[in-house]
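Here is a short tour of one protein model. Have the sequence and the 3D view at hand while reading.

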Amino acid sequence: MQLFGTSGIRRVADKNLIQLALEVGLAVGKVYSNVVVGCDTRTSSEAMKHALVSGLLAAGSRGCDAGVIPTPTLAFAAREFDAGAMITASHNPPEYNGIKLLNPDGSAFGSDQQKQIEETILDGSLAVALWDKIKNSSIYSGAVERHIEHILRDFPGGLKLKVVLDCGCGAASVVTPYLLRKLGCEVVTLNCYPSGFFPRSIEPTESNLDDLMRVTRELGADLGITHDGDGDRMMAVDDKGRFIPGDKLLALFAQEVEAKEVVTTIDASMTIDEMGFSVTRTRVGDNYVSEELKKGGDFGGEPSGSWVFPNISLCPDGIYAAARLVAMAGQQKLSQLVDSPPCYPLLRGNISNEGVAMSKLEQQLMTMEPLSVSTIDGIKLSFEDGWLLIRASGTEPKIRVTAEAKGEARVRQLYDNGTGAIRECMKTSKEK
């Protein structure tokens, strides 16, 4: 049984998840003696947090409660500890929750660390410390203030921009509005109060951000900014009220920090390869990007909105990214920046995963006669004029389909061929 997905542990919040939080605390506390714990705004987060802290203390570890904070804020605090634990399900619906485990450098626990925690839980080797070794919990205060102060060192004040900000009632509500005002911005807030009853779908995709686009356009704001539930993602709207695709933001941030080596995921646009960067591609998931950045690289990210600035932290920092984008908009209209990189038609979508055998799917896809095939994450077929990627989601029971090509008709053909192959595999499987 595998507990960790591509971004920690995520499940529907129920008694089993509360029990698992206690067990994760016991397992982590067995190895790491001083751990800081934070949580997002979900209704189940406080219960999950206290269960995990109880496990840490019972194992003989010190557990410090940092309260409701974004994941990147917890990652910044974790540099003072042996590890950090964040209670969050990120962009999943409010009935979900989960656990992200972080190293002091901000990176997510690697595969070896995750395996150690899983084995400790699953092999029944959890243990409680002797009565005189059990620790008391403590409060870690000032995490938000310290994170804001650290970010402000990289940016000048006096950025007199009008910014519409939608935090989705997630954890970024306690940081980003205050940071942007300290930078000199006039901030118009939407959903910027902590609540576990998200007023919109919390994933920061274009289809969920109608209000942000409309208000940015109607107020003549310089840009709009949005986060997911735990603030590790940041997406944006330009001064024309247009949603900025993550592939564009990836290119713009890489240019802004004058990166030479960029790490991104296998589903990112081929645009980044054509802009003169040395590009390394990983499996989908910001933890894989961070792991690769440990080996080298100036900037990393993935189109879903995770941006990693390794000079700051190996944790995707949507809060820092918001400040960086505002500073960029202070130099040049964001719409002009967005229209400058090359752009190709790209389609992304999901199909419910009904037990598709990837080996059978690969056989069917090979009839498309690709130039090359990559299987580092799902199946990616490359052609002279585009590519198609089909992969199982690591966080939801879905199959992700992504296609990009140098023409609208071609990208639609690749996408339809991909979804058609998946449905044919499902049909064949049911008939058996």
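## A buried aromatic pair

This is a predicted model. Phenylalanine 253 has a relative accessibility of 0%, so this residue counts as buried. Phenylalanine 299 is buried too, with a relative accessible area of 0%.

The two rings form an aromatic pair. The partners come from distant parts of the chain, 46 residues apart. Phenylalanine 253 belongs to helix 8 (residues 246-256), while phenylalanine 299 is in strand 14 (residues 299-302).

Eight aromatic pairs occur in the structure. In one of them, the ring centres of phenylalanine 81 and tyrosine 140 lie 5.4 Å apart. Their planes stand at 70°, so this pair is edge-to-face. It joins distant parts of the chain, 59 residues apart. Phenylalanine 81 lies in the loop between helix 3 (71-77) and strand 4 (83-87). Tyrosine 140 lies in the loop between strand 6 (138-139) and helix 5 (143-152). Phenylalanine 81 is buried at 9% relative accessible area. Tyrosine 140, at 10% relative accessibility, counts as buried as well.

## Charges over rings

Two rings have a charged side chain as a neighbour. The charged end of lysine 380 sits over the ring of tryptophan 387, 4.4 Å from the ring centre. Arginine 410 lies over the face of phenylalanine 383, at 5.1 Å from the centre of that ring.

## Helix 7 and its partners

Which residues of helix 7 (residues 210-218) are buried? They are Leu212, Met213, Val215 and Thr216. These buried residues pack against five strands: strand 7 (162-166), strand 8 (186-190), strand 9 (223-227), strand 10 (234-237) and strand 11 (243-244).

Just after the helix comes glycine 220. This glycine takes a positive phi of about 65°.

## A buried aspartate

Aspartate 40 sits in the loop between strand 2 (34-39) and helix 2 (45-58). Is this residue buried or exposed? Its relative accessibility is 2%, so aspartate 40 counts as buried.

One is with serine 45, at 2.6 Å. Another is with threonine 88, at 2.8 Å. Leaving aside residues up to four places away in sequence, aspartate 40 touches several others, including Val68, Met86, Ala171 and Gly229.

Key:
Residues numbered from 1 in each chain as written. Predicted model: local features only at pLDDT ≥ 70, side-chain atom pairs only at ≥ 80, totals over all residues. Heavy atoms only, no water. Phe/Tyr/Trp six-rings, centres within 6.5 Å; stacked < 30°, edge-to-face > 60°. Helix = DSSP H or I, 4+ residues; strand = E, 2+ residues; numbered from the N terminus. Buried < 20%, exposed > 50% of the residue type's maximum accessible area, 1.4 Å probe, protein only. Lys NZ or Arg CZ within 6 Å of the ring centre and 35° of its normal. Contact = heavy atoms within 4.5 Å. Polar contact = N/O pair within 3.5 Å; in protein donor to acceptor, adjacent residues only side chain to side chain.
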